[in-house]
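This briefing concerns the helices of the structure shown below. Please keep the structure open while reading.

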Amino acid sequence: MGFAEHMLSYTHALAASVLVGKVVLLSFVVAPVLARVLAPIPFGSVVRAMFPAYYALGMGAAGVGLVSVAVLLLGREQTTTGGLAVGLWAAVLAIEWYCRTPLTPTINDLSDRLKDQTASGQAEPLLQRRWDRLHRRSVWLNGTVLVLGLCLVGLM
């Protein structure tokens, strides 16, 4: 393996490490600590401010990982492992984009509407159920990204 291949392999490993690290750090360290020390409204404000950068980091890692694996595969015999890595990175990129672009803004909008309704004493149960459903989806997708990232680490 030449220098370029070593660098591409290293870049792929670094991208997978960043991806897994960002999920683990936010999910198991930052969010639980913030939830313990902040009241619900400041907690929501801080987390809301972090999510665009959080998902952008995931998209960046996925883009770098996808490109590094694709370039490594150029001119080589295609393998199941290589194709799987490309597919996993593409899935991560799609999930991170979806969470950053339509999902999080929708959750934020619903949250704002719920706060307004609660303040006026007219909270709609349907709106709360929709927020709960989308929030569960975001948690599930975050867990999926973690599993996919761990799979990518395992493929190295």
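The model is predicted. Two packed helices are described by the angle between their axes and the distance between the axes. That description is applied here to the pairs formed by α1, covering residues 3-37, α2, covering residues 40-73, and α3, covering residues 80-120.

**Helix α3**

- Helix α3 contains 41 residues, and 57 Å separate its first C-alpha from its last. This span is close to the 60 Å expected at 1.5 Å a residue.
- Just after α3, the residue G121 adopts a positive phi of about 75°.

**Packing of α1 against α2**

- The axes of α1 and α2 come within 8 Å, with a crossing angle of roughly 165°. Angles over 145 degrees count as roughly antiparallel, and α1 and α2 are therefore roughly antiparallel to each other.
- The crossing of these two helices, α1 and α2, is left-handed.
- In the contact of α1 with α2, 22 residues are nonpolar, six are polar and two are charged.

**Packing of α2 against α3**

- For α2 and α3, the axes come within 8 Å and cross at roughly 165°. The pair α2 and α3 is therefore roughly antiparallel.
- Helix α2 passes α3 in a left-handed crossing.
- The contact of α2 with α3 comprises 19 nonpolar, eight polar and four charged residues.

**Packing of α1 against α3**

- The axes of α1 and α3 come within 13 Å and cross at roughly 40°. Helices α1 and α3 are therefore oblique to each other.
- The crossing in which α1 passes α3 is left-handed.
- On the α1 side, H12, A15, A16, L19 and K22 take part in the contact, and they meet W89, V92 and E96 of α3. By class, the residues of this contact of α1 with α3 are five nonpolar, one polar and two charged.

Notes:
Residues are numbered from 1 along each chain as its sequence is written. This is a predicted model: local features need pLDDT of at least 70, side-chain atom pairs count only at pLDDT 80 or more; totals for chains, interfaces and linings use all residues. Side-chain values use heavy atoms; hydrogens and water are left out. Helices (H or I, at least four residues) and strands (E, at least two) are DSSP runs, numbered from the N terminus. The expected span of a helix is 1.5 Å times one less than its number of residues. Axes are lines fitted to C-alpha atoms, for helices over the stretch in contact, and angles run from 0 to 180 degrees between N-to-C directions. Angles under 35 degrees count as roughly parallel, over 145 as roughly antiparallel, 65 to 115 as roughly perpendicular and the rest as oblique. A crossing is left-handed if the near helix is turned anticlockwise from the far one by less than a right angle, and right-handed if clockwise. Contact means heavy atoms within 4.5 Å. Ala, Val, Leu, Ile, Met, Phe, Trp, Tyr, Cys and Pro count as nonpolar, Asp, Glu, Lys and Arg as charged, and the others, Gly among them, as polar.
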